[in-house]
Amino acid sequence: MELVINPRETGFVRVDFAQLFGNTNPVVLEIGSGKGRFLIATATEQPDVNVIGIEKSLHYHRVIAERVNKRHLTNVRLINHDAFLVLQKMVPDASIAEVHVYFPDPWPRPKEQKRRIIREEVLAEIRRVLVDGGSGIYVTDHQEYFESAAPLIEQVFRAERRVPGPDDPPRTNYEAKYRAEGRPIYEVRFWK
Ligand SMILES: C[S@@+](CC[C@H](N)C(=O)[O-])C[C@H]1O[C@@H](n2cnc3c(N)ncnc32)[C@H](O)[C@@H]1O
């Protein structure tokens, strides 16, 4: 089993997930997996789910790969590339059950905001790849990003804004860190 899909070798071609995982289990996709906490917990707790982590940073990609290998998780695949290109070129229509985006880089300067992962062209791709009834979660600590991203999500999906409560366990390293610091956390859940 190859844990890593490397589009620099395979080309940016549509991936057949049933062939890739050897089953037709639902596929959960995480964009910007960081050190892989959510991805590893999901793959461990839900062995009947396939998990894909797209992480742009080579350093974090290697950290996740090492952690996944150590746990012998067979239901994970990793892609070290920009998520928009991967979504656009590699992910088939209606092939993803859930999309998770935790604490994406906020790119706060006006000139940089076009790099945000929650932008119209990426949301259109997320909509295309989700199955009917598929869902997504976007979480941030950055109020301004939240206030501009939430309406974009609401234009494309049925959506619900939510503030995680103190009893909700943190899903990622950033969430654990920011909640320990007492920062407010904003969340949008959405459905196709
Ligand atoms: C602030 S960190 C959050 C990491 C993790 N989700 C967490 O909550 O702990 C943002 C992560 O997204 C990755 N990232 C940023 N832009 C990306 C993109 N366009 N495609 C894939 N990953 C991206 C970064 O490399 C970084 O690891």
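User: Which of the 20 residues around the ligand come nearest?

Analyst: First, this is a predicted model: local features need pLDDT of at least 70, side-chain atom pairs count only at pLDDT 80 or more, and totals for chains, interfaces and linings use all residues. Residues are numbered from 1 along each chain as its sequence is written. A residue is near a molecule or strand if its C-beta atom, placed from the backbone, lies within 6 Å of it. Of the 20 residues around the ligand, the nearest are Gly32, Gly34, Ala83, Thr172 and Tyr174.

User: How do the residues of the shell around the ligand divide by class?

Analyst: Ala, Val, Leu, Ile, Met, Phe, Trp, Tyr, Cys and Pro count as nonpolar; Asp, Glu, Lys and Arg as charged; and the others, Gly among them, as polar. On that basis, the shell has nine nonpolar, six polar and five charged residues.

User: What is the bridge partner of Val51 in strand 3?

Analyst: Strand 2 (residues 50-54) and strand 3 run parallel, joined by four bridges. In strand 3, Val51 has as its bridge partner Val76.

User: Are helix 3 and helix 4 roughly parallel or roughly antiparallel to each other?

Analyst: Axes are lines fitted to C-alpha atoms, for helices over the stretch in contact, and angles run from 0 to 180 degrees between N-to-C directions. Helix 3 (residues 37-45) and helix 4 (residues 58-71) pack at about 20°, with axes 10 Å apart. Angles under 35 degrees count as roughly parallel, over 145 as roughly antiparallel, 65 to 115 as roughly perpendicular and the rest as oblique. Helix 3 and helix 4 are therefore roughly parallel.

User: Which residues of helix 4 meet helix 3?

Analyst: Two residues are in contact if their C-beta atoms, placed from the backbone, lie within 7 Å. Helix 3 brings Leu39, Ile40 and Thr44. From helix 4 come Ile64, Arg67, Val68 and Arg71.

User: Is the crossing of helix 6 and helix 7 left-handed or right-handed?

Analyst: The axes of helix 6 (residues 120-129) and helix 7 (residues 143-156) come within 10 Å and cross at roughly 40°. That makes helix 6 oblique to helix 7. A crossing is left-handed if the near helix is turned anticlockwise from the far one by less than a right angle, and right-handed if clockwise. For helix 6 and helix 7, the crossing is right-handed.

User: Which residues of helix 6 meet helix 5?

Analyst: Helix 5 (residues 83-90) and helix 6 have axes that come within 10 Å and cross at roughly 40°. Their crossing is left-handed. Helix 5 uses Phe84, Leu87 and Gln88. The residues of helix 6 are Val122, Glu125, Ile126 and Val129.

Conventions
Helix = DSSP H or I, 4+ residues; strand = E, 2+ residues; numbered from the N terminus. Pairing = 2+ DSSP bridges.
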